[in-house]
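Hi everyone, thanks for making time today. Please have a look at the model on the screen, and I'll walk you through a few of its parts.

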Amino acid sequence: MGGLTPRRRTAARETRRLLLLTASVIVVFAANVAGLFSGISTVLPHLFYLPIVLGAYWYPRRGVPFSLGLALGYLVISVPFISGEAGLLVQAIARAVVFVAIGAVISLLSIQLREREERYRGIFDNSEAGTFIIATEADGEHIEEVNYVGASLFGSTTDKLKGEPINRFFDDPAIWESLKSDIDLRGAVYGFETTLRRTDGGTVHALLSAGRLHGGGIVLTLVDITALKNAKETLRRTNAKLNMLGRLTHRDLAAAVSQLLGQITQGMRQFDDPAFHHYLEDLEESARLVQRRVEIARDYQDLGLRPADWQPLQEVIRRATSCLLIPPGVSIRSWVERLEVFADPMLDRVFSNLIENAIQHGKTVSSVVITYQILDDGLAIYVEDDGVGVPEENKERIFEYGFGSGGGLGLFLTKEILAITNMTIRETGTPGEGARFVIHVPPDGYRIT
């Protein structure tokens, strides 16, 4: 039977069922007729349950007509022998009714079972993930069932993979043993990244999840992440090259600007013409603006290079303030203990920028307070000071590239750092009473530990 196609195997199975069902009906009727001739009418009718159960289970859509036919057949052979006894006749009719009822119940349960099987079979066969049912046997774990995606992932077919030991497809077979231990310990394993070996000798990177089934088997799902891994590696190499190019460019620009400033200084010493001095002073201011922007670009050349991660905000603020020169009359207070946010590793630059901005532009600032509030649509982090505030006409413009003095990149880059993990920032303070920056964190971007 191993060489038959699925269609032929199904046809052979149906033939066996029909033969067995026909044989059981013939045997049951023969036994009951013989029993009636021998005066036995109470025990042998129970044999009808066998063909009724088989027929209703195998052919649930025809279960009720089939059991009704058997019940009528039973009455046909029974009535001639008990027609003179009312009690036995009533018993025979009651048995016939029970036969039909049993057939109806089993048919209904079988139909529900088939519908569930078809539903899960549809999920199994049409899943975007490679799905395997692993059977545990004396000589190890073997593939019992696999869908098309799983077979393609291993570079084979569903028929060829059945019966194959699952550990042969792991790049390191010891990983499978470790996975089994984790499954036995926790009941399931999710999101495990591993390398698998295809039947053609190639390898594939996959995200694996697995869990125990009743009876000792294992359901295993694999998602091919080879293309994603390759894309991430390509992106990593590209970013590394761009980063190196940025460092070289920064070095060259910094050297060129330093040389230019030196030449301007030398020119101011050599020439006494006031008009020429004024021209050189303007040129120096422009050169220093370029120098400040180059320095800022150096600080942010790693933006987005490392993956975002969960960060304890209190520690981030402590790290940010430790790098700043805080005037003696200014206090920095943060009330964000136990709060973690999912953000770019350069999150500390956000708060150092906001605190430095308050100190430099707030004029009368004596206090900067950082708090948070849980909202219906996420979380708000407030950075407030008691300085002069931001004029209404500048509340949106302060985040634009090049706005303001000193190069105008601090708040612009602050917004860009936050945007990497879908956070936003706006200024909502009252002019004359202080600035109030509100950072909005999406619902899945924060947690309270």
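I'll call a residue buried if its relative accessible area is under 20%, exposed if over 50%, and partly exposed in between, with a 1.4 Å probe and protein chains only. Helices (H or I, at least four residues) and strands (E, at least two) are DSSP runs, numbered from the N terminus. A word on the source: this is a predicted model, where local features need pLDDT of at least 70, side-chain atom pairs count only at pLDDT 80 or more, and totals for chains, interfaces and linings use all residues. Residues are numbered from 1 along each chain as its sequence is written, and side-chain values use heavy atoms, with hydrogens and water left out.

Let's begin with strand β8, residues 339-343. Of its 5 residues, 4 are buried, so the strand is mostly covered. Which strands pair with it? Two strands pair if DSSP finds at least two bridges between them. Strand β6 (residues 309-312) is joined to β8 by 4 bridges, antiparallel, and here Asp 309 sits opposite Ala 343. Strand β13 (residues 446-448) also runs antiparallel to β8, with 3 bridges; in this pair Val 341 faces Tyr 446.

Next, two helices. The axes of α10 (residues 313-321) and α11 (residues 347-361) come within 8 Å and cross at roughly 55 degrees. Axes are lines fitted to C-alpha atoms, for helices over the stretch in contact, and angles run from 0 to 180 degrees between N-to-C directions. Under 35 degrees counts as roughly parallel, over 145 as roughly antiparallel, 65 to 115 as roughly perpendicular and the rest as oblique; α10 and α11 are therefore oblique to each other. Contact means heavy atoms within 4.5 Å, and the α10 residues that meet α11 include Leu 313, Val 316 and Ile 317, while Phe 351 and Ile 355 are among their counterparts in α11.

Finally, the open sheet. Its 5 strands follow the order β2-β1-β5-β4-β3, with antiparallel pairing. Why is one side of β2 (140-146) and of β3 (188-197) left without a neighbour in the sheet? Both stand at the edges, each with a single partner strand. From one strand to the next, the twist averages 35 degrees. Inside the sheet, β4 (residues 203-212) and β5 (residues 218-224) share 7 bridges, and Ala 210 has Leu 220 in β5 as its bridge partner. Helix α7 (residues 173-186) lies across β1 (130-137), β2, β3, β4 and β5, at about 170 degrees to β3.
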